[in-house]
Structures are given as C-alpha cells and as structure tokens.
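Here is a short briefing on one protein chain. Keep the structure open and find each residue as you read.

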Amino acid sequence: MLSLLLASWVAGQGQALELRYPAEEGLTGVAVGWSGREVPFVRRGNVTFTYADGRTRISREPVTVRSESYPTTELTVEERYVELSPQDQARAEREGAETTAIYDTFTPERYWADAFLVPVEGAKDGRNFGHRRVFNGQPRAPHSGADLRARTGTPILAANRGRVVLAKELFYSGNAVFIDHGQGLYTTYLHLSKIDVAVGDIVERGQLLGLAGATGRVTGPHLHWGVRILDARVDPFSLLRLGAQ
C-alpha cells in the first residue's frame, strides 16, 4: 500500500488529509503535485506512477476546500513579549531560524503505527486553533495550535511515537518539546513547567514528555499542542480522525 500524508483541507481549512493508492505491478515511484509544489509520497511495505518500462501515468484527485471563519482573540501578556528588547528580538530570530530548519527536514521513515492521542489525559477538544491573535492591542499571526486546559504539573504525553528534535526553553514558547514522527509530520508541546525528555530520544505513544505550565508568552497555565505537516499548520485534533494505518 502506498500512502501520502499531507496538510490539506478535507472538511475545512487546516485539516489533515491522507491519500492512499494500491500498489501496482512494476510501479517504482510516485510524484505528487499539490498547490504548485511537489509533495513527498512515501513508499511503504515492499513496493515503492513511474514504471519499470518507462511509462508514466497521471491521476487527478479532487479535494474540496471549505473556507473556515476564525475569530480574533485579544489577550494581555507581559509587555516584554510584545515590545521586544534588542536582545530578545535577536533571540527570537535565532530560535525562529532553528525551528524553521527543523520543519524543513523531511524524515522518510514513519515512526508511528497506532492512532494519535490527545496529550492531556481526558481532554476532548482544544481552543483557539487558527484564531487571529491581538496581544496588548497589537495584531499578530494566527494561533498555530490548539490550547488544552491543563493545570501546572499536569502530565503531558507524547501524541505518538517519534524522535525528540527539540527540548529546551524558547522565548515565546517557554519550555518546549518538538517531536518528529516522520513523513514530514511534527507535533509540538509548549509552555511546559518541566521537560522530561532530551533531543535524540525515541519516545513512545503516551510516554511522559513533561509537565504543563505557564512559561513563555502566556496568560495562564495550559498546553499549546501544535502540529505541522510539510511545514503547514494543522488542527491537531484532525490527526485523531486519521486513525492507525
């Protein structure tokens, strides 16, 4: 079975989509075009529409995009997170370049096998994905993840198996853990009060990553749970609908 995991729109903007094609005799490779760019199509099993005899085939799959309306959220935070000092500005830019480099890295290996889970036990949903943020009266970029209610000290669990690629304190994100699940899929866990993993660790689904907190640019304790697929911001809860494959 061949599978493609990409950030796209199924029922609405910001949702995850997985496309599958059955293996064919003589099939050696697949190239996928999406929105003017080539998307990696990952080989699974013992099969990798380029054929051994040189033939090619194009298949077009329509995807309906439903526009979503996201509200604006106004928040009050410490002024240092809005009017940055030269030192903080330089730090934020360095960290932005570091995280961009992480998301630009594509790992062909798929680390997970089971369905994704919510990293806060008992949580059924999250808030604020896609909301336009206004901090202290100044507009900022839309919120890139879901905020989950979590008191300081609440255990934060890995949504699925993967490799830790960042585990440290960041200016905006506070104590942060980034996990590479392979095939261009990353999950992030921000504003922790404590980190219990290190870069390079292979974590299992449901493994403790750290404890919830209120570090970085926040208004109170919670977990920011983020997902990137091929560097596109995705509603984390849309992963749960994909299930185990």
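**Salt bridges, strands and cores**

D180 counts as buried, because its relative accessibility is 1% and the cut-off for buried is under 20%. This residue belongs to a predicted model.

- R163 sits in strand β12, while D180 sits in strand β13 (residues 174–182).
- The two are 17 residues apart, and the pair links distant parts of the chain.
- R163 counts as partly exposed, because its relative accessibility is 27%.

- E169 lies in strand β12 (residues 162–170) and R91 in helix α1, 78 residues apart.
- E169 has a relative accessible area of 41%, so it is partly exposed.
- R91 and E169 also belong to a network of salt bridges, together with E95.
- K168 forms a salt bridge with E98, and here the closest N and O atoms are 2.9 Å apart.
- K168 is in strand β12 and E98 is in helix α1, so this pair ties together parts that are 70 residues apart in sequence.
- Are K168 and E98 buried or partly exposed? K168 is partly exposed, because its relative accessibility is 35%. E98 is partly exposed too, with a relative accessible area of 31%.

**How β12 pairs with other strands**

- β12 and β13 pair in the antiparallel sense, over seven bridges.
- A hairpin of three residues joins β12 to β13.
- K168 has A176 in β13 as its bridge partner.
- β12 also runs antiparallel to strand β15 (residues 202–203), and two bridges join them.
- The bridge partner of G162 in β15 is V203.

**The nonpolar cores**

- In soluble globular proteins, nonpolar side chains tend to be buried together.
- The largest nonpolar core has 29 residues.
- Which members touch the most others? They are L148, V177, Y189, L209, L223 and W225.
- Elements giving two or more residues to this core are β10 (145–148), β13, β14 (185–195), β16 (208–212) and β17 (223–229).
- β17 gives the most, with four residues.
- Beyond its neighbours within four places in sequence, V177 is in contact with several residues, including V164, L166, A167, Y189 and L209.
- Another core of nine residues lies apart from the largest one. Among its members are I102, Y103, F178 and Y186.

**A loop residue: D125**

- Where does D125 lie? It is in the loop between α1 (86–103) and β8 (132–135).
- D125 counts as partly exposed, because its relative accessibility is 47%.
- Leaving aside neighbours within four places in sequence, D125 is in contact with L148 and F237.
- L148 is also one of the residues that touch the most other members of the largest nonpolar core.
- D125 and R149 are 24 residues apart in sequence, and their C-alpha atoms are 9.2 Å apart in space.

Key:
Residues are numbered from 1 along each chain as its sequence is written. This is a predicted model: local features need pLDDT of at least 70, side-chain atom pairs count only at pLDDT 80 or more; totals for chains, interfaces and linings use all residues. Side-chain values use heavy atoms; hydrogens and water are left out. Buried means under 20% relative accessible area, exposed over 50%, partly exposed in between (1.4 Å probe, protein chains only). Contact means heavy atoms within 4.5 Å. A salt bridge is a side-chain nitrogen of Lys or Arg within 4 Å of a carboxyl oxygen of Asp or Glu. A nonpolar core is a set of buried Ala, Val, Leu, Ile, Met, Phe, Trp, Tyr and Cys residues joined through side-chain atoms within 4.5 Å. Two strands pair if DSSP finds at least two bridges between them.
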